[in-house]
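Trainee: I am new to this structure. Could we go through the terms used for it and check each one against its cut-off?

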Amino acid sequence: MTLSTSRPVGASLQVAAWRLSGGPLWRAAGADAKGLLLRPVTGPALPLRLPAGLAAAWRGEAIALPEEGPDRQVAVEAVLDGALALETAAGPVSGPAAALALGLPLPPDPEDSPAMRRSLEALRLAALAPRPEPYPLTASLYFFGRTPCGPACRRRLPDAEAVARFLGVERLSRQPQSAAWFGPPRSAGEWIVWRRPAEGTAEKLYVAAALPALLERLPAIVSALAEGGASGFKLPASARGLRRPDRCVAYFPDAGSRRRAGDALAPLLADAPAEPVPFTVSSEPRSVLSWGRDPPRGGEAWRQGPSWRLWLCGLLARALFAAAALPHPALPGPRFALLRAALAGLDPASFAPKEADLAA
């Protein structure tokens, strides 16, 4: 079955034999009546589900690239990730070369916000990895911006109780407004959590003030979050967690309440030094406030990374991996990663979600 597309690329979609035995990113893990399951070749992971109509490709057959709809989206993503190959006059292509062959629009210049600049720095450094693999690349991106926690720091704050005293958790719990709205804090792994967000609470706001400024203004920040209708917020429960830029995260039931809280917080943080959180969407010029939107629970994006930054870093890491395995001089890894983000429904200039459903 030959491919028919509106673009004159002379292409058909099929998996070349070398793809069937050790493609750069995915291998077939099994099929069922609903679709084909794929798993990364580098280790166990949650599956990427392809439409059943693509299953014939894994038998070496040429299949038609759907003209539109979700099946086309998934097929194009599989080609860019290196799971499928696009047959062209020059031979089979995947990754960046396939993006160019399909005529996908190149991403615009990223916005000049501190958060985006840190994101691009992280992408460039990760792209220099000598032997890139998806999982180390994801960790490299996700942990970018954390500062070392040396022995002196660990001795000063050896456990969660010491960290709670350092943060003034008891002081926060005595605030009438905070206590009435959020209730008492509780431990949740690496975090101290106030009023765990209800299922479906996906909007989150990152308060990216430097640690001294955050400690000084924390009571006022918590009051502003309560006034803004936050579903909950969390702070680190370890010395190591205090060294991460995303050390204060608030959750909201919708984008409107998140924006209202941001408006209330902006004057409180106007002169606070910022430590922008990479792979978040800047809310104001200094990125002392930024935001994200967790993928809907149970969807494919959520299974790949249930938090906003984890999902986004995983998506970008897979793109960097595909670009390293299938390099093309016209589309280097970081730029290809931005194109891949655009295909996933994000604005590649800022990472802001578009109207596309992240569950797709």
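Trainee: Which residues have a pLDDT below 50?
Mentor: Residues 1-23 are below 50. That stretch still has 69 contacts in the model beyond near neighbours in sequence. Residues 356-360 are also below 50, with 13 such contacts. Where pLDDT is low, predicted coordinates should not be read in detail.

Trainee: Why is Val249 called buried?
Mentor: Its relative accessible area is 3%. Buried means under 20%. So Val249 is buried.

Trainee: Where is Val249, and what does Val249 contact?
Mentor: Val249 is in strand 11, residues 249-252. Leaving aside neighbours within four places in sequence, its contacts include Lys204, Tyr206 and Phe233. Val249 also lies 6.3 Å from Val207, C-alpha to C-alpha, though the two are 42 residues apart in sequence.

Trainee: Why is Glu77 called buried?
Mentor: The value for Glu77 is 15% relative accessible area. The cut-off is under 20%. Therefore Glu77 counts as buried.

Trainee: What makes the pair Glu77 and Gln73 a polar contact?
Mentor: Their side chains are joined at 2.8 Å. The limit for a polar contact is 3.5 Å, between N or O atoms. The pair is within that limit. Glu77 itself lies in helix 2, residues 70-81. Beyond four places in sequence, Glu77 touches Arg340, Leu343 and Ala344.

Trainee: What caps the N-terminal end of helix 7?
Mentor: Asp159 does. One of its side-chain oxygens lies 3.3 Å from the backbone nitrogen of Glu161. After the helix comes Gly168, with a positive phi near 75 degrees.

Trainee: Which residues of helix 7 are buried, and what do they pack against?
Mentor: Ala162, Val163, Ala164 and Leu167 are buried. The partners of the buried residues include helix 6, helix 8 and strand 8. Helix 10 is another partner.

Trainee: At what angle do helix 10 and helix 12 pack?
Mentor: The angle is about 145 degrees, with the axes 8 Å apart. The crossing is right-handed. Helix 10 contributes Ile221, Ala224, Leu225 and Gly228. Helix 12 contributes Ser257, Ala261, Ala264 and Leu265.

Trainee: How many of those contact residues are nonpolar, polar or charged?
Mentor: There are 6 nonpolar, 2 polar and no charged residues. Gly counts as polar here.

Notes
Residues are numbered from 1 along each chain as its sequence is written. This is a predicted model: local features need pLDDT of at least 70, side-chain atom pairs count only at pLDDT 80 or more; totals for chains, interfaces and linings use all residues. Side-chain values use heavy atoms; hydrogens and water are left out. Buried means under 20% relative accessible area, exposed over 50%, partly exposed in between (1.4 Å probe, protein chains only). Helices (H or I, at least four residues) and strands (E, at least two) are DSSP runs, numbered from the N terminus. Contact means heavy atoms within 4.5 Å. A polar contact is a pair of N or O atoms within 3.5 Å; within protein, one must be able to donate a hydrogen and the other to accept it, and residues adjacent in sequence count only if both atoms are side-chain atoms. pLDDT is the predictor's confidence in each residue, from 0 to 100. Axes are lines fitted to C-alpha atoms, for helices over the stretch in contact, and angles run from 0 to 180 degrees between N-to-C directions. A crossing is left-handed if the near helix is turned anticlockwise from the far one by less than a right angle, and right-handed if clockwise.
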